Amino acid sequence: MTNKNQSCGMGQDSMPSMTCLIHVLEAWLGVEHLEDYWNFANYLLWVFTPLLLLILPYFTIFLLYLTIIFLHIYKRKNVLKEAYSHNLWDGARKTVATLWDGHAAVWHGYEVHGMEKIPEEGPALIIFYHGAIPIDFYYFMAKIFIHKGRTCRVVADHFVFKIPGFSLLLDVFCAIHGPREKCVEILQSGHLLAISPGGVREALMSDETYNIVWGNRKGFAQVAIDAKVPIIPMFTQNIREGFRSLGGTRLFRWLYEKFRYPFAPMYGGFPVKLRTYLGDPIPYDPKITAEELAEKTKDAVQALIDKHQRIPGNIMSALLERFRNKEKINQKTL
């Protein structure tokens, strides 16, 4: 209960500002017990906030399964056309890309800076930093399909292909699990291909400091050399603030190393500002080794992080960026 002898003025007996505001609203609106309603609302917020933080990440999974259901319906309705058309799935891809692009715009104010660096035709290898959930890459694929009319193949971890119901989604959006020879073949056929060298390990074990977790991986560099294609580095600002993982703790790190499966819980789904930045392409150089190219690519991704990411990342700051005007830049924004 509020002490009736207190006032809204300055001094020792003044009320807290929020209590004072509530009393002003009670007098203005003619509503009694508004402070009790406010305290009850605060209590509900305190009780349900932890639950909300655990539920939000699963909304992304819900969207993925909604996409899969749509693809199954689309497949059944168009099964007779498959024998007559080489582009059976283009309509489905366009619909799904529009759905994800809309979600990206509304929930994250998503932007891509440097889309002009993606070739209109011909191959390129895109190397990106892996967030706890790579929702930025889903958005990026949608942007490429809508604005470039191109499908970007992607190398996915083997466990993704074991998730129930995901096989059709992975087929339609051309996800592969390797091997190196298949990646080279895709690039030599003139397609775009994306690889995250850190993969699931980076998703689980990196954190708000945005440390790159690639180890000594250089297979992606050998792929680029064998296919004679440029590498385009990519990083999404605030991706770690959108979703956080507990995979860096000792228990979940051990579980992943033991079973090669991401058991770690995640939380988030916050509507933070997401901006994907594409760096300058690293051209094919026949004289460079895979080790040198891998290090050069890592430096390029790190340079994007250093330039565009606040470290350590902060969820509240990333949320507030939705309401701030970004300084004008020379890069093209989509």
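I began with burial and found that both Tyr-129 and Phe-235 are buried, the word meaning under 20% relative accessible area, with exposed over 50% and partly exposed in between (1.4 Å probe, protein chains only). I keep in mind that this is a predicted model, where local features need pLDDT of at least 70 and side-chain atom pairs count only at pLDDT 80 or more, while totals for chains, interfaces and linings use all residues. Residues are numbered from 1 along each chain as its sequence is written, and side-chain values use heavy atoms, with hydrogens and water left out.

**Aromatic pairs**

I looked up ring pairs next, taking rings of Phe, Tyr and Trp (its six-membered ring) as paired if their centres lie within 6.5 Å, and calling planes under 30 degrees apart stacked, over 60 edge-to-face and the rest tilted. By this rule I have 13 aromatic pairs. The pair of Tyr-129 and Phe-235 is edge-to-face, because the ring centres are 5.8 Å apart and the planes stand at 65 degrees. This pair links distant parts of the chain, since Tyr-129 sits in the loop between β2 (124–128) and α4 (135–148) and Phe-235 in strand β6 (residues 231–237), 106 residues apart. Helices (H or I, at least four residues) and strands (E, at least two) are DSSP runs, numbered from the N terminus.

I then noted that Phe-137 and Phe-140 form a tilted pair, with 6.1 Å centre to centre and 40 degrees between the planes. These two are about one helical turn apart, because they lie three residues apart in helix α4. Phe-137 is buried at a relative accessible area of 3%, and Phe-140 counts as buried at 0%. I also recorded one aromatic cluster, formed by Phe-159, Trp-254, Phe-259, Tyr-261 and Phe-263.

**Helix packing**

Turning to α4 again, I found that helix α3 (residues 90–108) packs with α4 at an angle of about 125 degrees, their axes 8 Å apart; axes are lines fitted to C-alpha atoms, for helices over the stretch in contact, and angles run from 0 to 180 degrees between N-to-C directions. α3 and α4 are therefore oblique to each other, given that angles under 35 degrees count as roughly parallel, over 145 as roughly antiparallel, 65 to 115 as roughly perpendicular and the rest as oblique.
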